[in-house]
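The sequence and structure are shown first, and the description follows.

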Amino acid sequence: MEDKLMLMIPGPTPVPEQALLALAKAPIGHRSGDFSKVMADVTAKLKWLHQTTNDVLILTASGTGAMEAGIINFLSKGDRVLVGDNGKFGERWVEVCNAYGVNAEVIKAEWGKPLNPEDFRAKLEADANKEIKAVIITHSETSTGVLNDLVTINSYVKAHEKALIIVDAVTSLGANNIPIDELGLDVVGSGSQKGYMIPPGLGFVAVSPKAWEAYKTADLPKFYLDLGKARKDAAKNSTPFTTSVNMVMALQASLEIMQREGLENIFARHLRHRNATRAAIKALNLDLLAPDDAASHSITAVVPPEGLDAEKIRATIKKKFDIVMAGGQDHLNGKIFRIGHLGFVGDRDILTAIAALEASISSLGYSNFTSGAGVKAAIEVLNS
Ligand SMILES: *Cc1c(COP(=O)(O)O)cnc(C)c1O
């Protein structure tokens with residue numbers, strides 16, 4: 001059926017109508033007084049979402065652009081940094097560091113397992129000369145559905161005192177409680193097509209005063225992603241270059257929706273959807289890649305049993321129900337599929353996705369579950 005596509009992937013996520021209507025408006029000038037008013041309002045709302053009084057800067061870039069900006073503005077060539085790597089996105093920050101000549105010491109965990117905070121503690125405590133300039137981690141590792149223990153790792157960074165903490169919060173901001181000021185997070189990057197409920201195209205970076213101190217001496221090359229320029233113009237409710245004005249207006253609409261729902265309710269909804277999805281997967285006797293105590297609130301990676309191909313399941317759900325789920329990346333391609341429950345997702349979407357999954361695996365000949373068990377398990381969580 002035409003126009004019935006339903007995205008259950010970890011970005012782009014579904015977009016509410018008010019945001020779509022903002023995108024359909026005739027553009028206004030990015031240097032106009034009207035647009036400055038939008039910028040002022042959006043910036044205040046972004047600080048609300050980030051639970052911070054720090055600068056939150058808007059970049060016309062995807063999430064990777066925001067994270068790259070978060071690295072190159074605060075570090076210098078040869079700086080020693082610790083980078084957590086337990087998936088595709090952790091790997092990406094190592095690649096960004098390598099591209100700019102930052103000396104990344106990689107702290108690894110197996111894909112599907114969380115980073116071990118004690119690995120960070122050991123390195124930070126051993127650093128008597130305070131040479132480690134930053135700790136870079138991915139909070140919700142989208143490739144595996146693992147949620148890394150940001151609070152504990154951050155506590156070790158705080159004990160070190162010198163190092164900055166730089167966080168990829170692309171699939172956790174707007175899903176998890178991340179009180180930036182309370183935790184003292186220095187650099188937090190995110191992207192519009194995830195928890196913000198708008199299409200791809202904008203990146204966001206929250207920057208602490210301590211990070212701005214580091215900016216003064218950071219010598220990595222930068223121009224378009226120079227956050228000092230962005231900060232200067234943000235103070236005048238503007239941007240250094242032409243921003244995506246309609247996307248910023250869509251952002252204003254989505255942030256208004258988020259404010260009406262309230263942060264507590266948004267976080268509770270994502271947690272409920274995670275729990276419902278995981279309960280359903282278990283009831284269907286399929287395996288979960290991430291453990292219960294380190295499971296992302298926005299993305300669930302599922303491991304089908306031997307003989308049931310993950311890509312076949314995805315193709316069947318797409319063909320029969322117009323529902324898009326994500327595949328596995330790199331060596332997990334064909335081994336897992338991932339259900340996104342991030343942003344503009346309601347209980348109805350979860351029930352629909354689980355029912356469609358049941359129907360699809362049944363049609364592929366998988367029968368190791370009681371008919372309706374997934375939906376029943378999800379309902380129990382959603383009703384509790
Ligand atoms: C989506 C995502 C990004 C950003 O990817 P882009 O394609 O550049 O928007 C970064 N980190 C994580 C964890 C993500 O899920």
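## The pair H11 and H13

In this predicted model, helix H11 passes helix H13 in a right-handed crossing. H11 covers residues 263-283 and H13 covers residues 347-363; their axes come within 10 Å and cross at roughly 15°. Angles under 35 degrees count as roughly parallel, so H11 is roughly parallel to H13.

On the H11 side, the residues that meet H13 are Arg272, His273, Ala276, Thr277, Ala280 and Ile281. Their counterparts in H13 are Asp347, Ile350, Ile354 and Leu357. Sorted by class, the residues of this contact comprise six nonpolar, two polar and two charged.

S1 and S13 (residues 323-327) run parallel and are joined by three bridges. Within this pairing, Met8 has Met325 in S13 as its bridge partner.

## The seven-stranded sheet

Another open sheet is formed by seven strands, ordered S2-S10-S9-S8-S5-S3-S4, again with mixed pairing. Strands S2 (55-59) and S4 (103-108) stand at the edges; each has a single partner strand, so one side of each is left without a neighbour in the sheet. On average, and with direction ignored, neighbouring strands of this sheet are turned by 20° against each other.

Inside the sheet, S3 (residues 80-85) runs parallel to S5 (residues 132-138), and four bridges join the two strands. Val81 stands opposite Ala134 of S5. Helix H2 (residues 33-50) lies across S2, S9 (187-191) and S10 (203-207), and runs at about 120° to S2.

## The pair H1 and H10

Helix H1 (residues 17-24) packs with helix H10 (residues 245-261) at an angle of about 160°, and the axes of the two helices are 8 Å apart. Angles over 145 degrees count as roughly antiparallel, so H1 is roughly antiparallel to H10. The crossing of H1 and H10 is right-handed.

H1 contributes Gln18, Ala19, Ala22 and Leu23 to the contact. From H10 come Asn246, Met247, Met249, Ala250, Ala253, Ile257 and Arg260. By class, eight residues of the contact of H1 with H10 are nonpolar, two are polar and one is charged.

## Two domains

The domain assignment of the chain gives domain 1, residues 17-260, and domain 2, residues 262-383. Their C-alpha centres lie 28 Å apart. The contact between these domains takes 27 residues from domain 1 and 24 residues from domain 2.

## Backbone features in two loops

Most residues other than glycine have a negative phi, and most peptide bonds are trans. Two places in the chain may be set against that background. A cis peptide bond joins Gly11 and Pro12, with omega at about -5°. Pro12 lies in the loop between S1 and H1.

The other place is Lys130, a residue other than glycine with a positive phi, near 55°. Lys130 is found in the loop between helix H5 (117-126) and S5.

Terms used: Residues numbered from 1 in each chain as written. Predicted model: local features only at pLDDT ≥ 70, side-chain atom pairs only at ≥ 80, totals over all residues. Heavy atoms only, no water. Axes fitted to C-alpha atoms, helices over the stretch in contact; angles between N-to-C directions. Parallel < 35°, antiparallel > 145°, perpendicular 65-115°, else oblique. Left-handed = near helix turned anticlockwise from the far one by under 90°. Contact = heavy atoms within 4.5 Å. Nonpolar A, V, L, I, M, F, W, Y, C, P; charged D, E, K, R; others polar. Pairing = 2+ DSSP bridges. Domains from an automatic or database assignment.
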